[in-house]
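Please look at the sequence and the 3D structure shown here, and keep both in view while reading. The text starts with the chain as a whole and ends with one residue.

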Amino acid sequence: MIEALPLTIKVNNDLFDKLSKIKSISNKLEAQFNFKTLTANWYGNEDDILIIQLSLETPASFNKRQKEMGKLTASEVTVSHFSDDVNSSFNEAEQQLLCIIAITDSELTLLELQPKILTGFIEKKLNKVLNLIAQQQGLASI
């Protein structure tokens, strides 16, 4: 039986077209961040594990998902706006957090012109987001 990891990284299909190596990079970072969050004791209580999905989006898909997130009205769902390009929704009852992260137009242009910086850029951006989540959830920084 294969169990899902507590932290997953999803990439919008349009980003695959623009950044060809983003899939392999996101897979590597998913393993790396699962290890970092495990060593930071984010999953100390095995009966109450926080499930996190980080979703990398284009500006257009981010705006669409942001509008969908704005329509959430369930009392157990909390929507947070970390910045202009990062929003999250937290379902406390299910201990699930969805975080949408835009790769802005200017970032996309830079990454297309300098593909060698893609890994470091995505790693830094996601690390920053995970530390915002840690702060929000009362967890140790990674």
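In this predicted model, 41% of the 142 residues of the protein chain count as buried. The C-alpha atoms fill a box of roughly 45 × 35 × 30 Å, taken along the principal axes. The accessible surface of the chain comes to about 8300 Å², and carbon and sulfur atoms account for 50% of that area.

Next come the elements of the fold. The protein chain has five helices and five strands. Followed along the sequence, they give the pattern β-α-α-β-α-β-β-β-α-α. The radius of gyration of the chain is 15 Å, close to the 14 Å that the globule rule gives for 142 residues, so the chain is as compact as a globular protein of that length. Contacts also link residues that are separated in sequence: among those between residues at least 6 apart, 63% join residues at least 24 apart.

How are the five strands arranged? They form an open sheet, in the order E1-E2-E5-E4-E3, with mixed pairing. At the edges are strand E1 (7-11) and strand E3 (77-83), each of which pairs on one side only. From one strand to the next, the twist averages 15°. As background, strands of a sheet pair through backbone hydrogen bonds, and the pairing is either parallel or antiparallel. Strand E3 and strand E4 (residues 86-91) run antiparallel, and six bridges join them. Within this pair, Thr78 has Phe90 in E4 as its bridge partner.

Two of the helices can now be placed against the sheet. Helix H2 (residues 22-39) lies across E1 and strand E2 (51-57), and it runs at about 165° to E1. Helix H3 (residues 59-70) lies across E2, E3, E4 and strand E5 (96-102), running at about 145° to E5.

Is Ser88 buried or exposed? A residue counts as buried when its relative accessible area is under 20%. Ser88 has 0% relative accessibility, and therefore counts as buried. Which residues is Ser88 in contact with, leaving aside its neighbours within four places in sequence? They are Met69, Thr78, Val79, Ser80, Phe82, Leu97, Leu98, Cys99 and Gln136. One of these, Thr78, is the residue whose bridge partner in E4 is Phe90.

Key
Residues numbered from 1 in each chain as written. Predicted model: local features only at pLDDT ≥ 70, side-chain atom pairs only at ≥ 80, totals over all residues. Heavy atoms only, no water. Pairing = 2+ DSSP bridges. Helix = DSSP H or I, 4+ residues; strand = E, 2+ residues; numbered from the N terminus. Axes fitted to C-alpha atoms, helices over the stretch in contact; angles between N-to-C directions. Contact = heavy atoms within 4.5 Å. Buried < 20%, exposed > 50% of the residue type's maximum accessible area, 1.4 Å probe, protein only. Rg over C-alpha atoms; globule rule 2.2 N^0.38 Å. Areas by Shrake-Rupley, 256 points an atom, 1.4 Å probe, with all protein chains shown as cover.
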